[in-house]
Amino acid sequence: MAGRLYGVGLGPGDPELVTVKAARLIGQADVIAYHSARHGRSIARSIALPYMREGQAEELLKYPLTTESTDHPGGYQGALDDFYAECADRLAAHLDAGRDVVVLCEGDPLFYGSYMHMHKRLAHRYETEVVPGVTSVAGAAAVLGRPLVEHEETLTVLPGTLPAEVIAEKLRSADSVAVLKLGRTFEKVRDALAEAGRLDEAWYVERATTANQRIERLKDVDPASVPYFSLAMLPSGSRRADLPALSADGTRDEPRFSTGRDEMSGLSAGRDETSELSAGRDETSGLSAGRDEGRGEGDWAGVAVVGLGPAGEQWLTPEARQVLAEATDLVGYGPYVDRVPQRPGQIRHRTDNRVEAERAAHALSLAREGRRVAVVSSGDPGVFAMASAVLEAAEDFPGVPVRIVPGLTAAHAVASRAGAPLGHDYCVVSLSDLLKPWEVVADRLRAAARADLVLAIYNPASRSRTWQVGAARDLLMEHRDPATPVVIGRDVGGPQETITVTTLGELDPSQVDMRCLLIIGSSTTRATDGGTVYTPRRYPA
């Protein structure tokens with residue numbers, strides 16, 4: 001009788017992850033076959049070695065080439081086809097002689113496994129059984145300590161050998177992703193991740209589950225150090241980056257939130273502005289309104305008002321990422337909603353900028369139906385933005401929990417670029433007179449000037465409001481020296497970011513538009529020759 005052919009999966013590398021059935025079959029087989037590169041060393045054999053016994057015949061199936069060129073008349077594929085045919089003949093000889101053959105395969109035999117080439121050539125001729133194994137993808141997720149997929153997410157598995165543009169296109173719309181076959185393709189895959197806006201989410205896992213495993217943020221990896229047996233992974237919730245991962249030494253680290261620059265723009269968090277922000281990546285997620293610690297992920301319902309920060313995801317907080325990732329619905333001014341990347345199953349409700357009350361009521365009504373609703377707002381939602389509008393509307397929706405998720409406000413972003421102009425007492429004023437009379441604005445400017453407070457001025461101008469900056473300057477000049485330092489921050493964090501340091505007397509209103517925020521110094525604020533502006537912490541007696 002002919003022998004039986006077994007394709008046996010060995011898992012990702014740890015011999016203890018070999019299944020009980022695989023171990024039994026390895027020990028019973030007459031012949032153990034395994035592939036290797038031309039150096040003759042086989043990782044598959046090293047994993048199976050604890051389960052092999054003396055006296056077993058071994059068949060080393062040595063690839064004639066891997067990535068190098070060949071003079072074979074059929075080219076690279078022709079050379080491999082001949083190799084597989086030769087290997088199949090060698091195994092068939094054992095099978096015809098009545099010997100059972102186990103073909104070892106790392107991971108799973110039919111998941112990018114080398115065994116499948118034998119299976120296609122021999123399974124129709126001999127009794128065959130495939131023993132599945134733990135895949136490299138499952139092993140990588142395990143050592144990262146992150147789920148592959150959850151809820152309605154999908155998992156996309158890509159070979160790094162695909163063209164870069166194909167990889168980038170698939171990455172843009174995918175939830176969880178694993179990119180296999182790195183090695184020489186690493187730089188191409190890294191560039192594709194960057195092109196898709198997902199490089200900062202990606203983890204690099206090498207030789208998962210073995211003593212030599214290595215885990216790093218993919219963007220930090222030296223391409224010259226990458227072997228073939230490594231992969232790139234964007235696990236479930238990778239856009240949140242809120243779950244810890246195992247480091248190479250087996251300890252658990254808090255993830256790093258280095259996110260890089262994107263192409264977001266716009267500083268004004270005010271209600272009346274119509275700034276157009278370019279879409280960029282950030283991370284979707286959820287809230288547990290009311291913060292019930294006993295609830296599992298995704299069990300909450302309610303409204304979270306989420307601050308996206310003044311510009312790109314480099315200023316998006318981990319909490320905001322988490323809240324956005326689990327939300328079933330996003331509600332907000334259209335350009336702000338566009339800053340949150342599309343997520344399968346998540347419903348987006350884009351509105352005009354001047355319908356805060358209607359927007360808030362809509363969000364609360366969705367939450368009353370059991371939805372998880374994130375109302376997005378630029379900057380900090382509590383600073384001239386949506387938090388107060390939602391809380392006001394919530395009085396008509398008793399029992400609907402509302403949570404405010406803070407964000408970095410534009411004043412602090414601009415101040416950080418200029419130095420420390422808000423280093424002492426300061427006040428925040430909006431120049432918009434759409435929701436309050438200009439007389440109220442003017443009185444507050446005079447009061448702040450008399451009190452010698454630094455001013456952070458939001459909404460200084462818009463398409464329909466062009467005279468307020470000049471009027472504010474003239475009011476402040478009644479109480480401030482013309483040499484008082486002034487900072488004009490425009491598009492901070494965006495591609496057209498500028499920081500202009502001038503003086504109150506030389507402030508040109510034509511330099512100020514809807515993407516700007518102004519910081520007007522106090523009597524103690526100083527501007528150095530190098531352009532740094534700061535307000536000392538001590539006030540003169």
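A: Buried means under 20% relative accessible area, exposed over 50%, and partly exposed in between (1.4 Å probe, protein chains only). This is a predicted model: local features need pLDDT of at least 70, side-chain atom pairs count only at pLDDT 80 or more, and totals for chains, interfaces and linings use all residues. Residues are numbered from 1 along each chain as its sequence is written, and side-chain values use heavy atoms, leaving out hydrogens and water.

Q: OK, so is Trp-467 buried, exposed or partly exposed?
A: Partly exposed, with a relative accessible area of 44%. Trp-438, in contrast, is buried at 15%.

Q: How are the rings of Trp-438 and Trp-467 arranged?
A: Their centres are 4.9 Å apart and the planes are at 70 degrees, so the pair is edge-to-face. Rings of Phe, Tyr and Trp (its six-membered ring) pair if their centres lie within 6.5 Å; planes under 30 degrees apart are stacked, over 60 edge-to-face, and the rest tilted.

Q: And where do the two Trp sit in the chain?
A: Trp-438 is in helix 13, while Trp-467 is in the loop between strand 20 and helix 14, 29 residues apart. Helices (H or I, at least four residues) and strands (E, at least two) are DSSP runs, numbered from the N terminus.

Q: How many aromatic pairs does the structure hold?
A: Nine. One of them is Tyr-63 with Tyr-84, edge-to-face at 6.2 Å centre to centre and 85 degrees between the planes.

Q: Switching to cores: which residues have the most contacts inside the largest one?
A: Leu-431, Leu-445, Leu-455 and Ile-520, in a nonpolar core of 24 residues. Such a core is a set of buried Ala, Val, Leu, Ile, Met, Phe, Trp, Tyr and Cys residues joined through side-chain atoms within 4.5 Å.

Q: Which helix gives the most to this core?
A: Helix 13, with six residues.

Q: Last topic, the open sheet. What's the strand order?
A: 15-14-16-13-17, with parallel pairing. Two strands pair if DSSP finds at least two bridges between them.

Q: Why is one side of strand 15 and of strand 17 left without a neighbour?
A: Strand 15 (347-351) and strand 17 (402-405) stand at the edges, each with a single partner strand, so one side of each has no neighbour in the sheet.

Q: What about strands 14 and 16?
A: Three bridges join strand 14 (residues 329-333) to strand 16 (residues 372-377), and Asp-329 stands opposite Val-373 in strand 16.
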